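Visitor: Let's walk through this structure by question and answer. Please show it first.

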Amino acid sequence: MTVTIVGSQLGDEGKGALVDLWGGAADVVVRYQGGDNAGHTVVEGGEEYKLSLVPSGAVRDKVGVLGNGCVVNPRTLFDEIDALRERGLDPDVRVAERAHVIMPYHRRLDGIEEEAKSESGDEVGTTGRGIGPTYEDKVGRRGVRVGDLLDPEVLRDRLEYVVPQKRALVEKVFGLDADEAFDVDALYEEYREIGERLAEEGMTVNCSDFLYERRQAGDEVMFEGAQGTLIDIDHGSYPYVTSSNPTAGGAATGSGVGPTVTGRGEVVGIVKAYLSRVGKGPMPTELDGDDREETLADHIREKGGEFGTVTGRPRRIGWLDIPMLRHASRVSGFTGIAVNHVDVLAGLDEVQVGHAYELDGEEVETIPSTTERWARCEPVLKEFEPWPEVDWTAVAGDGYDALPSGARDYLNYVSDEVGAPVYAVGIGPDRAETIELHDPFEG
Ligand code: IMP
């Protein structure tokens, strides 16, 4: 039995809170894609942990695995592990030897390409963590993998092949100076030492074998998707996407567990009760334009704390987008959903959702495949009875039926449209502020 947690929107749906809630029943929590572009905030007993690479299960003494589908910046990894140790935790993190390493030149190239694209207004708005350039090298068969760090000779060979190419790209194509991020000797020394630390701490694994053995021994495994469906490289709003597959299929390819295994388990889509987006790309239900709407967006942004965990950027805000959720549910095959931040919409004068889109005079129910057509979509809005502010701590204690009726109508509607039952409702940031209707590990 596995549980896969997937972001249904554009990332930042509050997945960490659910991973933390349900991770209690899991022995192993696996990230299967992405890298330190993710931002997980886990609140436990009033303590806040901000993580970008270490799986959030590590806060609860689980084994955290970074699967082969991840791109790993070892500097970030060790910084996070050291910081957690300083706070008295002892995270057990394993890294797939098949995962690719984010090298300093990847981060530089991420910035350089964004800068170049921005001249024509085409930048993606990446997190600047080198994610795209690292996946490019993976697919281009010139990447450095975690396993390569363990073998100095192999590491040297890989660097000697790839670094001069990167240097030439910076100098000859972009006309910039290449710094120490493009120096083979300096890179070799630093990354060989990183390999030694990884080996000393016994952190590297053959991910597929490791998970097979843990499952054979009866362990429960949770897959923790980072980012969200609409920034998936295949199913998102290309090119305004990240370079991996946050959708549920990625759990199999990104960890070496068969799709029959993840497919027999539960796939839970995490939904935020409204929409936020960092970076560029269409957002038909975006709240902008006239002053009144801007005030509403500002209000939601402040109340929901909608500022990037990784970059601190203010997020764009919109009403819940149902065509997006239908798409997400189909792509990942949701067996259930969790809806977060329902409290943030409380006390508004109006609550709306984008029920469908109008595109070229026709009503459409899911997201068009091209980003240009999606950008032309106008939302067909549906109004809901607003719900008041209440004592959310009391509601959390009393359960689902204690939610204001407007909020329950909203949740029932979302569940019907997505075609999956509500497993949990988030009404505040702490784990105790999540109403649980069903634990997916109970099947
Ligand atoms: P990258 O993943 O840094 O290459 O960024 C590509 C796009 O994905 C940009 O629009 C980012 O803002 C977005 N993105 C990446 N990671 C996250 C995340 O964890 N939450 C929300 N957006 C993200």
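Visitor: How many bridges join strand β5 to β7?
Guide: This is a predicted model: local features need pLDDT of at least 70, side-chain atom pairs count only at pLDDT 80 or more, and totals for chains, interfaces and linings use all residues. Residues are numbered from 1 along each chain as its sequence is written, and side-chain values use heavy atoms, without hydrogens and water. Strands are DSSP runs (E, at least two residues), numbered from the N terminus, and two of them pair if DSSP finds at least two bridges between them. Strand β5 (residues 63-66) runs parallel to β7, and the number of bridges is 4.

Visitor: Which residue in β7 stands opposite Leu-66?
Guide: β5 and β7 are joined by bridges. Opposite Leu-66 stands Val-95.

Visitor: Which residue in β9 is the bridge partner of Ala-96?
Guide: β7 also pairs with strand β9 (residues 204-205), in the parallel sense, over 2 bridges. The partner of Ala-96 is Val-205.

Visitor: Which element gives the most to the lining of the second largest pocket?
Guide: A pocket is an open set of points on a 1 Å grid over the protein atoms alone, where a 1.4 Å probe fits, with protein on both sides within 12 Å along at least five of seven lines; lining residues have an atom within 4 Å of a point. Here 14 residues line it, with Tyr-135 and Lys-138 among those nearest its centre. Helices are DSSP runs too (H or I, at least four residues). With 3 residues, the top contributor is α4.
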